[in-house]
Each structure stands twice: as structure tokens, then as C-alpha cells.
Amino acid sequence: MALEEGQNGAAEKVAVEVSFKSFKPQLFVEAPKANDAVQFYKTAFGAVETCRTTQPKRKADQELPHIVSAQLQLAGSTFLVSDLSDDSASTKAGGTVFAMCLETEDVEAAVTKAVAAGAVAEGGIVEGEGACCCAERVTTVKDPYGFVWQFCSPADKCGANVEA
């Protein structure tokens, strides 16, 4: 339950309804090896890449663009692969290389509910091209056990075309 201001400024608990549309584990790979990992999952397991979001080269010595997220389908499930960077949500969470992404129509309500249950919001909502998971809006929370959870809006479009 979340706290909201009631009459006369008193805080009261209210139930926040949130429904999730999908669950997407996200694997962080040492940069710039996410592209190699995607190719491995395609070759080894028959995964199909459905979406990719990249950023231009971050440093002059890097030849490949930074993969913010590559979305893959495997056995009826979706997962994400990303290049690990110093500013990745997983790095901020203490070095874990795994995050869970929950897709929802109401990102703010999801954060409110998670924080009320004991999670800690990690930064604000990222919108537009800076968002990952091929979503328009993304934010992150860390649960009391140190695991990173991302809440993202439904993916209507992808940031880049994917080769067959």
C-alpha cells in the first residue's frame, strides 16, 4: 500500500492497482560483447532477435555501438541482453549482472507500489531514446535484497531494425 495525503494533511494507506503485461529478464554482458552474446543465443538456442536499441560509440576507441538492449524471443519467452557500462542500473546495484524488467501501462504506480513495499527508487523515469527495453519510458527500483527491477511502458516500436 502506498501513502497518500488524506484529509487535514494526515497520511493514509491506499491500495495501488498495477497490472504487468510481461516479465523480461535482462542479462548484462561486459561491453562491447553484447552483440557476440546475442549471436551466441541465436546460434546455440535458436533465439530470434525482435528489437535492438543502441547508442553511438561512447569512446573514440570503441568501434561498435553500445547495445542498450537487444530483445530476444526464446521458447515463447522474452529476455534482454545489454552491454554493461559504468552507468548501467545493474552496476549501480552493487555489481550484479542481472535485472528483471516488468512491462506496465502505469510506470509511476508500479514504482509507488514497490517503494511502499520496501524497494528504493533508483533515479527518475527515462523517456524517449534514452530508455531501454524498446520502451518509451523506463525506471528502476532496487528491492530490499539488492535485486534490480525495471518498470517499462509497453514497447510500441523499436529503436532499430533487426536483420533476419
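I began with Ala75, which counts as exposed at 79% relative accessibility, where exposed means over 50% relative accessible area, buried under 20% and partly exposed in between (1.4 Å probe, protein chains only). I placed Ala75 in the loop between β5 (66-74) and β6; helices (H or I, at least four residues) and strands (E, at least two) are DSSP runs, numbered from the N terminus. I also noted that phi of Ala75 is near 55°, a positive value in a residue other than glycine.

I keep in mind that this is a predicted model, in which local features need pLDDT of at least 70 and side-chain atom pairs count only at pLDDT 80 or more, while totals for chains, interfaces and linings use all residues. Residues are numbered from 1 along each chain as its sequence is written, and side-chain values use heavy atoms, with hydrogens and water left out.

Next I looked up the peptide bond from Ala31 to Pro32, which is cis, with omega near 0°, and I found Pro32 in the loop between β3 (20-30) and α1.

**Asp83**

Which backbone nitrogen does the side chain of Asp83 reach at 3.3 Å? I found that it is the backbone nitrogen of Lys33, and that a polar atom of the Asp83 side chain also lies 2.9 Å from the backbone nitrogen of Ile67. I count these as polar contacts, that is, pairs of N or O atoms within 3.5 Å; within protein, one must be able to donate a hydrogen and the other to accept it, and residues adjacent in sequence count only if both atoms are side-chain atoms. Asp83 belongs to strand β6 (residues 77-84) and is buried, at 3% relative accessibility.

**Aromatic rings**

I searched the whole structure for aromatic pairs and have six, the rule being that rings of Phe, Tyr and Trp (its six-membered ring) pair if their centres lie within 6.5 Å, with planes under 30 degrees apart counted as stacked, over 60 as edge-to-face and the rest as tilted. Phe40 is partly exposed, with a relative accessible area of 45%, whereas Tyr41 counts as buried at 18%.

The rings of Tyr41 and Phe79 are also edge-to-face, because their centres are 5.5 Å apart and their planes stand at 80°. Tyr41 lies in helix α1 (residues 34-45) and Phe79 in strand β6, so this pair ties together parts that are 38 residues apart in sequence. I noted that Phe40, Tyr41, Phe45 and Phe79 form one aromatic cluster.

**Salt bridges**

How many salt bridges are there? I have six, taking a salt bridge as a side-chain nitrogen of Lys or Arg within 4 Å of a carboxyl oxygen of Asp or Glu. One joins Glu49 to Arg52, with the closest N and O atoms 2.6 Å apart; Glu49 is buried at 9% relative accessible area, and Arg52 is buried at 15%. Lys42, Glu49 and Arg52 are linked in a network of salt bridges.

I then turned to Arg137, whose side chain meets that of Glu108 in a salt bridge (2.5 Å, N to O). This pair links distant parts of the chain, with Arg137 in strand β9 (residues 137-142) and Glu108 in helix α3 (residues 107-116), 29 residues apart. Arg137 also forms a salt bridge with Glu127, the closest N and O atoms being 3.7 Å apart. I recorded Glu127 as exposed, at 51%, and Glu108 as partly exposed, at 37%.
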